[in-house]
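Subject: Structure for you to look at

Hello,

Here is the structure I promised to pass on. Please open it and keep it beside you as you read.

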Amino acid sequence: MSLLEVRNLAVTFDTETGPVQAVRGVSFSLGRERLGIVGESGSGKTMTGRAVLRLIRPPGRIEADAMTFDGQDILNASERDMRALRGKRIGMVMQDPKYSLNPVMTVGRQLTEGLRLRDKLGRADAVAKAVAALEAVQIRDPYRVMDAYPHELSGGMGQRVMIAMMLIPEPDLLIADEPTSALDVTVQAEVLSILDALVRDRGMGLIFISHDLRLVARFCDRVLVMHKGVVVEEIAAANLLAAKHPYTQGLLNCLPRIGGPRGPLPVLDRTGV
Amino acid sequence: MTALRVWLSDPNPASRRQARLGQAWLAWQRIRRNRLAMAGLVIVGVLFIVAAFAPWIAPHDPLVQDLSRRLLPPGTPGNLLGTDDFGRDILSRIIFGARITLYIIALVAVTAPALGLLIGTVAGYFGGWVDATLMRVTDIFLAFPRLILALALVAVLGPGIENAVLAIALTAWPPYARVARAETLTVRNSDYIAAIRLQGASSPRIIAGHVVPMCLPSVIIRVTLDMAGVILIAAGLGFLGLGVLPPTPEWGLMISSGRKFLFEQWWVATMPGLAIFIVSLGFNLLGDGLRDVLDPRSASR
Amino acid sequence: MSLIEIDNLTVTFRAQGREVRAVEGVSLSVDARESYGLVGESGSGKSTILRAICGMAPVTGGTIRIAGEVLAARRGRAFSTEVQMVFQDPYASLHPRHTIDRTLSEPLAIHGLPGRDTRVVAALTDVGLPPSFRFRYPHQLSGGQRQRVAIARALMLKPKILLLDEPTSALDASVQAEVLNLLSRLRDEQGLTFLMVSHDLAVIDHMCDRIMVLQHGRTVEEISRDDLAGANMKTPYARSLFEASADRMLSGTTEPT
C-alpha cells in the first residue's frame, strides 16, 4: 500500500497573458522509500513538492484526478485538515534555512514551541525531546545550539536544525526541496547521510527535490526527471546511467568531470526537447 | 492602434526609444488595472484641465465683487456653489485657485525631491563623514515641525506665493533625502555598482547614472503621497495670511476668509475645503497606485 | 615574468571593533594565458582574493602585481582595461533599469571610445546572443543569457585578465556547460588569462591548469591539474574536498549508497 498517490497532477497559474501550466500530467506513487525529483529551474519540481502539501498560493491552482496520502484524500481536504497534516505527518525542508527559521527566536524555542502547543508537553519533556532531535542530526552540543539565534549558526548547522525541527513530530513523509544546495560539499555529504539514516531507521517516505542529477542518483531509490512541467522519465536510480530519454542523457553529460577532456562540454539540444 | 500596441510590446525593441516607450507602456498597463490609482489619476487629470482652461470654464471673474449678491447659498442660479462675503462666485474662485495650487505643487515637486535626491544619494554613496554631516543637517530640518519651520521662513522672507513655495520646498526635502539614502545604501554594495566602478567610472557618473535611477521610484512615490501634505501646508500658510495674499483666489485663503461665517454661511469655507480634500485624495490614490507600478521589488515579478 | 603576482596577501575586515582576517598570507602567480583556479568552501577567502585585486577589499599586507607593476591604492582607469570581473549572481550584476545596450556601451562611454553601435553588436554576437536582444532589459533575459551579457560587458574594454567569481554556480547544469564552453572559446580567441573561483572542483578542473585549495583564508595546497585527476593531493583537507566531489569523477560511479 503506497503512502502517497498522485494521479495526473496539474498546477496552473492564471497570468495576464492567460493560464500557464507549471506542472501537468504528473503521476507517481510513493511507498516508504526515497523518491528523487530532478529538473532544471522552471521544470516544475518545486511546484510538484508544494502541490502535495497544497502550498500553492493564488493565482496558482492545483488540479488532479486523485491525490491521496495514507488513504486520505488530500486534494479535497479542508484547509483545517491540511494544517493538521502539514508538519505533523508531512514535513518539508526548504533550500535555505535562513528564510525558514524565525530570526528573532532562539532555536530552542522554535523547536519546543510545537511540542508544547500541539502535544501539550511540559517544558522539561519538550526540551528533552528537542535535544534528542538535535542529537539525531548529529549536533554535538545541542544545549548550545538550543540557546543560539538562527544567525549565529552556520549554513550546515541551520539546515540540520531545520531537519531536526521537521523530524520532531515524526512525520511519515518528508519533502526536502534542495536541502543541500546552499551548503558546502563536505557539509552536504554529512546532511545527506543524516537524512539517509533517518529514512532507513524510521521508515519514512522521502521526496528529494534537486537540480543535481548525480546527487539524486546516488542518494535515492527512484528518480523522476522533470522538464517543462512534465515527467519525461521515471527510472530506478541504479539504472540512471542507462537513461534513454535524450533530456536525461543531456543532463548527465553536460557536467564537467574531474580528469575529463578539456574540449567543449556537450550541451543540451534545446530544439529537440 | 493595434500596430502601435504590437510595436510597444515588441520583446526585441529596435531602438532605445522603443525600449523605453515599451517599458512605459507596460507600466501604464499595470496602473490601468488598479482602479483606485485610475481614480486618483482622473482627479489629478481634472485638476490639470481645470487649471489650464480656467478662464473658459469659470462662469464669473474670480475677482469681481458684487456686494448685492453676497453670501448666496449653493444652488443659486448663476452661482452654483454660492458666493462669498464680497459677492464673488465661489466656483470660479475654486477653479482659478486650481492654478495656484498646481503652481505651488509643481514648483515644490521639482525642487524638493531634486535637493533630497542629491543629498541622500551623495550621503549614502560616500558614507563616512560626508554621510554623517549631511544626515545631521537633515536631522536638524526634520526635528522642526514642518508648518512651524515654513512659518518661520515666510516670516523672514515676507508673505507671497514664491516665498511660500520656497519655504515649503526647504521643509519638504529631508524625507526625500532619507528615502534616497536608504535606497542608496542597499544599492551601493550591489554587484552592478561594483562592476561599473571596475569599468573606471567616476563617482558623479555612478551616482547620477546608476544610483539615482534606483532611488527615483521610491522618491516619486513619496512625492505623490506628500503632495496632499504640500497642498495642506500651502493652504495653512494661506489660512494664516502668510502665503498667497488676498484677493488672489487661493483655497487656504478662501477657507480662512470663510471662517467668520462658518456657522451661518457654511459653504464659504466648506467648498474650498472640499476641493482641497478631493485633490489631496487624488494624489494619495495615485501615489499608492504608483507604488505598485514603480516599486522595483514588485516590478521584478 | 608572471602576469599576476600576489605575494603574502592579507585582507582584514574590521567589524564592530573585531578584526576578521579573511585572507592570510596567500601568495600565487599566474602566467599570461594561464588559467588559475581557487577552490574552497564558504569562508575560505577565495572570493575576497578577487575583490582585493579589484580594490574592493581592505588589503592590510602583502603586494599585488599586475604585469610586474605594483597596483596603486586607487585602481585607475588603466586598471579597468587590464582586469575585469564576472560576478556570481547574474541576477544582481546587471543594472535592472538599464537596457543591455546601455550596460554594454557604458564602459565605452567612460573611456571615450568610438564606434559604440558596432562594438555593442559585435560584443553580443561574440557571446552568442542575437543582436535583437540589444534593447532588452535584464528581466527579459534568462539567467544564462544574463551571464553572457555580464561576460560581454567584462570584455568590452578588451582586458587581458578576467576574474571569474563562481560564474556558473547560479546556473542550471545545462546552462553551466554552455557558459563554460563560451568562456573557453573566448579565452582562446582573445588570449585571456583567467583567475577563477569556484566551490565545484569539477568546474575548476575543467577550466584551470593549476589549482589552489584554500581554507579559513589560508593556502592549503597548490595542485596541478594532473595531480588532481590522479588524486595526488598531499593534505587531508584537499583530499576530503576531492572525495566529497567523487560523483564528479570521469568514471561517473553512481552506485547507490
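Which residues touch the most other members of the largest nonpolar core? Bear in mind that this is a predicted model. The residues are A:Ala164, B:Ile168 and B:Val230, in a core of 227 residues. Helix α10 of chain B, residues 203–239, gives this core its largest share, 17 residues. Now zoom in on A:Ala164. Leaving out residues up to four places away in sequence, A:Ala164 touches A:Leu111, A:Ala133, A:Leu134, A:Ala136 and A:Val137. As a rule, nonpolar side chains in soluble globular proteins tend to be buried together.

Next, the chain contacts. Two pairs of chains are in contact, and chains A and C share the most contacts. Here 30 residues of chain C meet 33 residues of chain A. On the chain C side, α6 (173–190), α7 (201–207), α8 (225–229) and α9 (236–244) each supply at least two residues. The largest share, seven residues, comes from α6(C). By class, this side of chain C has 13 nonpolar, eleven polar and six charged residues. Chains A and B do not touch. Their nearest C-alpha atoms are 10 Å apart.

Last, chain C by itself. Chain C has nine helices and ten strands. Its radius of gyration is 19 Å, close to the 18 Å that the globule rule gives for 257 residues, so chain C is as compact as a globular protein of that length. The C-alpha atoms of chain C fill a box of roughly 55 × 50 × 40 Å along the principal axes. Of its 257 residues, 48% count as buried.

Best wishes

Note on methods. Residues numbered from 1 in each chain as written. Chains lettered and ligands numbered in written order. Predicted model: local features only at pLDDT ≥ 70, side-chain atom pairs only at ≥ 80, totals over all residues. Contact = placed C-beta atoms within 7 Å. Helix = DSSP H or I, 4+ residues; strand = E, 2+ residues; numbered from the N terminus. Nonpolar A, V, L, I, M, F, W, Y, C, P; charged D, E, K, R; others polar. Core = buried A, V, L, I, M, F, W, Y, C linked by C-beta atoms within 7 Å. Buried ≥ 20, exposed ≤ 12 C-beta atoms within 10 Å, placed from the backbone. Rg over C-alpha atoms; globule rule 2.2 N^0.38 Å.
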